[in-house]
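Please read it with the model open alongside.

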Amino acid sequence: MSQLPDPLDHRSADHLIEDLFLQRWSPRAMTGAPLPERELMRLFEAARWAPSTYNEQEWRFLYAGRASDHWPTFFGLLTEANQLWCQQAAVLIVGLSCRIFSKNGKPNPVHTLDCGLAVENLLLQGAAMGLVCHGMAGFDRSKAKAALNVPEEYDVEVMIAVGLPGNPDDLPKDYRDMDRKPTSRKPLAEIAAEGRFAF
Ligand SMILES: Cc1cc2nc3c(=O)[nH]c(=O)nc-3n(C[C@H](O)[C@H](O)[C@H](O)COP(=O)(O)O)c2cc1C
């Protein structure tokens, strides 16, 4: 039984939206238990159905389960700060996007955006399944590209830690409080306005 708080006890939306948007958050406490492959595939399946420019689907995902031979390579890409809490993850994922359109070889200006849409699908699916799914920019992209044999035309975009929810008390001290209270957001008026930029 997870000791993590329910985000719905801490977050409320100012306008009517689906609870899943509030339920998705980025805790760090995980149990270290493995994630069955069929559950992991549900995350990638959600990512698969994301929209993309010309239906390009230029995202790619590489992953390593903690019992796999690939785990030390993936874990070694993370910053020290992320390694501290990712030790108990079940799976580490690396998200990639191709910068070049498959149909004509021209630069795709929205490859990162498309990959982000797929990643958010994955994160939301993880939240719906009650998993910890935590995106990370804190890792070495060049090292990832080399270590994972990523072709030149792909950018390394993100890493995601996935795991079964754990107990914040088991986290290193600096991280415990962050897992006791889900983050909030700026007011809507600070992010959306009609007409010209007026923030
Ligand atoms: C692309 C991306 C990169 C992130 N990088 C890190 C990271 O390296 N380490 C970390 O602990 N959290 C990381 N986060 C988590 C954010 O800090 C978190 O999403 C943000 O504070 C909002 O909180 P919430 O996800 O719980 O709603 C990242 C999130 C995203 C989307």
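## The sheet

Eight bridges join β2 to β4, and these two strands run antiparallel; helices (H or I, at least four residues) and strands (E, at least two) are DSSP runs numbered from the N terminus, and two strands pair if DSSP finds at least two bridges between them. The model is a predicted one, in which local features need pLDDT of at least 70 and side-chain atom pairs count only at pLDDT 80 or more, while totals for chains, interfaces and linings use all residues. Residues are numbered from 1 along each chain as its sequence is written.

Four strands form an open sheet in the order β1-β2-β4-β3, with antiparallel pairing. Because β1 (59-65) and β3 stand at the edges with a single partner strand each, one side of each is left without a neighbour in the sheet. From one strand to the next the twist averages 25°, where axes are lines fitted to C-alpha atoms, for helices over the stretch in contact, and angles run from 0 to 180 degrees between N-to-C directions. Within the sheet, Gly95 stands opposite Val158 in β4.

## Helix and core

The helix α5 lies across β1, β2, β3 and β4, and runs at about 10° to β4. Contact is taken here as C-beta atoms, placed from the backbone, lying within 7 Å.

The largest nonpolar core has 39 residues, and those with the most contacts inside it are Met159, Ile160 and Val162. Such a core is a set of buried Ala, Val, Leu, Ile, Met, Phe, Trp, Tyr and Cys residues joined through C-beta atoms within 7 Å; a residue is buried if 20 or more other C-beta atoms lie within 10 Å of its own, exposed if 12 or fewer, and partly exposed in between, with C-beta atoms placed from the backbone. Elements giving two or more residues to this core include α2 (37-48), α5 (111-128) and β4 (154-163). Leaving aside neighbours within four places in sequence, Ile160 is in contact with residues including Ile93, Val119, Leu122 and Cys133.

## The ligand shell

Among the residues around the ligand are Trp25, Asn82, Met136, Val158 and Thr183, where near means a C-beta atom, placed from the backbone, within 6 Å. The shell divides into five nonpolar, five polar and no charged residues; Ala, Val, Leu, Ile, Met, Phe, Trp, Tyr, Cys and Pro count as nonpolar, Asp, Glu, Lys and Arg as charged, and the others, Gly among them, as polar.

## The loop between α2 and β1

Asn55 is found in this loop, and its phi is near 55°, a positive value in a residue other than glycine. Asn55 counts as exposed because it has 8 C-beta neighbours inside 10 Å.

Notes. Two residues are in contact if their C-beta atoms, placed from the backbone, lie within 7 Å.
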